[in-house]
Amino acid sequence: MEKKMKKLLSKHEFYISLVIVLLCAMIEIRSGQFFTPNNLVDLGSALIVPGLFAIGAFMVIVSGGIDVSFPALASLSVYTTTRILTDIDYKGGILLPIVMVLAFGALLGAFNGFFIAKLKLPTMIITLGTSSVFKGIMQGVLNSTQIPNIPEGMKKFGNDALFVALNKESGLTSKMPIAFLILIVAIGLAYFVLRYTMFGRALFAIGGNESSAYRAGFNVERTKFILYVVVGAVSSLAGLIRVCMMGQCHPTNMLGMEMMIIAGVVLGGVAITGGDGTLTGCMLGTILIVMVQNSLILLGIPTYWQGFFLGTLIIVGTGISAMQVLRNSKRLVRKKSEEESS
Amino acid sequence: MSQSVIKVVDVKKSFGAVKALKGVSLEIAPGEIHCLAGENGCGKSTLIKVISGVHPPDSGHIEFGGKVYTKISPIEAIMNGVQVIYQDFSIFPNLTVMENLVFNSELKDKRKFVNWKRFRKIAQEAVDRIGFKVDLNARVGDLSVADKQLVAICRALMFNAKLIIMDEPTTALTTKEVNALFKIIMSLKQQGIAILFVSHKLNEVFEISERFTIMRSGEKIITGNTSELDDKKFTYYMTGREFEDLRFKPKNVNKEPLLEVENLGLSGYFHDVNFKLHRGEILGITGLLGSGRTELALSLFGVTPADQGKIRIKGQEVVIDSVASAMKHNIGYVPEDRLSEGLFLPRSIGDNIVISELENISNKRGVIDQKKRKSEIERWVKELGVATNNPNNACNTLSGGNQQKVVLAKWLSRNLDILILNGPTVGVDIGAKHDIHTILQNLAHEGLGIIIISDDLPEILQNSSKVIIMKNGTVTAELNPEDIDENKLSEYMMGGNE
């Protein structure tokens, strides 16, 4: 029992859950609105897009890189898909848009992957560059403008509800979009891939020590290339869902989200240096960020304080885990000296 | 002699104009423990890389059990039972022991999916082979260096290994851990596995190996039985130079103590440490890893300030609570890990030499006087014999011993009173080691007070005028090196003699 307790206390996920519970309680006490059905559904719906982005960002960070291009990449592939479909006056369902956006996403991801895997350049440098390239193609070459009327099929997908929650007191209703299922499936898939495939373990291995991974016989180049293709596709899917849910395509709307997403992942205890972290932690961190963004209003705190709170959370959150690492290493030294002397 | 495990015949290998191997031959029998020695850059690593298939040889060939290869790929080397344990062990610190053990074999079988039950089974078998007790779910990064090495050894054994190459396996181990490693090597020998043991530590070569090969500048100098080798010959073959053992005899010891430490302590690390250091003396401090010796040094240099006791310098009580205050009292510290703590490796040799005396070579406005800078650099390069033709080269172009000289120059340029060295010759060649010892002894004669912390016992005995032994965070003995030998010293360290 005591051992279990100790194990729990050493887990980062425990602390972040604690913070989430505290924040929930605080909001509930102040506003009485947190645990209303419509607020919870709103949160869930707001989690879809950041959640999908976070899965991609998480996999990249685990493998030892930092990808800052995914919002620009998603914007470009979603904009291209929507533009083409609007121009041909597409009347069909959501399937074709999804296939198209996945294909564009994979292609752009392959562009990232080629430079990172073959030329062995740091991910952050490459993606800073490609992110500008993607933005440039969208705004310059494609001369992007807002598309106010997206195809019916996409709009319908964004509006269709899995279920509707009603707040009996205020009479407000909130819809949980069908797309929430995609997030659930994506999390399930990511969990399986990371834990039960050699590809997933290779990401951890590369993040831990790239040259060891190479010597052990992992195909480091191919693994990285596939990783960025997958991340491109997943991010673009997230972008599509966002456009569908908003009912219009605003090309620059997602740009700048990368910092918030990466912050969420790091807050979830994922080591920015690679190799360490859990999907659970990554999701908890993202939930916390989404909660802060959505719920501060319920606390009566003006929205411009959001940045301040997010920043504080990140410092405190990463600070706690850094302190733990320090404490653990000190304990190790002491244990060692005891062993030596015994 | 039975069929050899490996036979290397007249292998040559050049990198551009550099001839790394000039026709080297080597033969190892099953169950033989063969030591490969030589100074840095003598071609040892290249030879290992040729054997393990990383570099194809330019000419010559390799034979495995009679099969001749003029070129060999890493996979072929593994199939022929060659396993290399690199100095960094090639492990994944972020993953569990289990995963570290199974990856190679899973990848060799081209598996795409993970079966944790199978992982556990394979890993358990691997550790059982050498009776290594370890929690398979422990993170490898949390293990001690010795345990990390055992993980690497277990992994190497999984492939039906016939020859295990260990690249300087004892560098980061304590005496106790080295003994444990040797036991394992002996049991591998019993299973008929040959070991190629790369080392330049004399005592280890004598203790473990039956046969040895010494290389110098790309050539094999000699192969023979270890029983026919002695210290003098070994050093001579390695360096091509003859050295006499210079035992330190303090000449100009000042009566006034330079540094006095009274009941010094830092909670959790060391306590009640007392000693005196005079000008002209070299104080040797030794003890096992974790005995508090490194922490003591760090406290004297203000990195982790002591929280109990007193420090007096030249009779004056002083407070050392930061590196800056230690430097103000003319204390210098050469760290254990010079690569990460003592040098700016990508910067030039010159920059590294003048870094701690910038205020002395710059004018009032803080602009560096280039002429003074140049003459300072030239002076130290010459004085300490740093082997470079251009001090503008990056520091990482130097060998370990010469890098250590640069660290010394960096401190000596400040006109120190006290110099503390932690492991002054770890990873340094015999030749350079000798040079460094000579420099330190001369510095002491010139009036510096020197403290050497080391677990290289011959080094301590040869260079100190007084030895103190630390155990469990405190001083357990103060000895005169003239009265003791290595065995006595290590008995004191283990605590068998109290």
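Two strands pair if DSSP finds at least two bridges between them. Helices (H or I, at least four residues) and strands (E, at least two) are DSSP runs, numbered from the N terminus. The legends below concern a predicted model, in which local features need pLDDT of at least 70 and side-chain atom pairs count only at pLDDT 80 or more, while totals for chains, interfaces and linings use all residues. Residues are numbered from 1 along each chain as its sequence is written, and chains are lettered from A and ligands numbered from 1 in the order in which they are written.

**View 1. Strand β11(B) with its partners β12(B) and β14(B).** Strand β11 (residues 257-266) of chain B runs antiparallel to strand β14 (residues 308-313) of chain B, and five bridges join them. B:Gly265 is placed opposite B:Gln308 of β14(B). Strand β12 (residues 270-278) of chain B is also antiparallel to β11(B), with six bridges between the two. B:Glu260 has B:Lys276 of β12(B) as its bridge partner. Three residues lie between the strands in the hairpin of β11(B) and β12(B), where B:Gly268 takes a positive phi near 90 degrees. Strands of a sheet pair through backbone hydrogen bonds, either parallel or antiparallel.

**View 2. An open sheet in chain B.** Six strands make up this open sheet, in the order β16-β17-β18-β13-β19-β20 (chain B), and the pairing is mixed. At the edges are β16 (331-334) and β20 (474-479) of chain B, each of which pairs on one side only. From one strand to the next the twist averages 20 degrees. Strand β17 (residues 418-422) of chain B runs parallel to β16(B), and four bridges join the two. B:Val334 has B:Leu421 of β17(B) as its bridge partner. Helix α18 (residues 486-494) of chain B lies across β13 (282-287), β19 (466-471) and β20 of chain B, at about 30 degrees to β19(B). Such angles run from 0 to 180 degrees between N-to-C directions, and axes are lines fitted to C-alpha atoms, for helices over the stretch in contact.

**View 3. The crossing of α4(B) and α5(B).** The axes of helix α4 (residues 116-129) and helix α5 (residues 145-157) of chain B come within 9 Å and cross at roughly 105 degrees. α4(B) is therefore roughly perpendicular to α5(B) (a term for angles of 65 to 115 degrees). B:Ala126, B:Val127 and B:Arg129 of α4(B) make the contact with B:Cys154, B:Arg155 and B:Leu157 of α5(B); two residues are in contact if their C-beta atoms, placed from the backbone, lie within 7 Å. By class, this contact has four nonpolar, no polar and two charged residues (Ala, Val, Leu, Ile, Met, Phe, Trp, Tyr, Cys and Pro count as nonpolar, Asp, Glu, Lys and Arg as charged, and the others, Gly among them, as polar).

**View 4. The two domains of chain B.** Domain 1 (6-239) and domain 2 (257-494) are given by the domain assignment of chain B, with bounds from an automatic or database assignment. Their centres, taken over C-alpha atoms, are separated by 34 Å. Ten residues of domain 1 are in contact with ten residues of domain 2. On the side of domain 1 that touches domain 2, helix α8 (residues 231-239) of chain B gives the most, with three residues. That side divides into one nonpolar, eight polar and one charged.

**View 5. The contact of chain A with chain B.** Each chain is represented here: 24 residues come from chain A and 24 residues from chain B. On the side of chain A, α14(A) gives the largest share, seven residues. By class, that side has eight nonpolar, nine polar and seven charged residues.

Note on methods
Angles under 35 degrees count as roughly parallel, over 145 as roughly antiparallel, 65 to 115 as roughly perpendicular and the rest as oblique.
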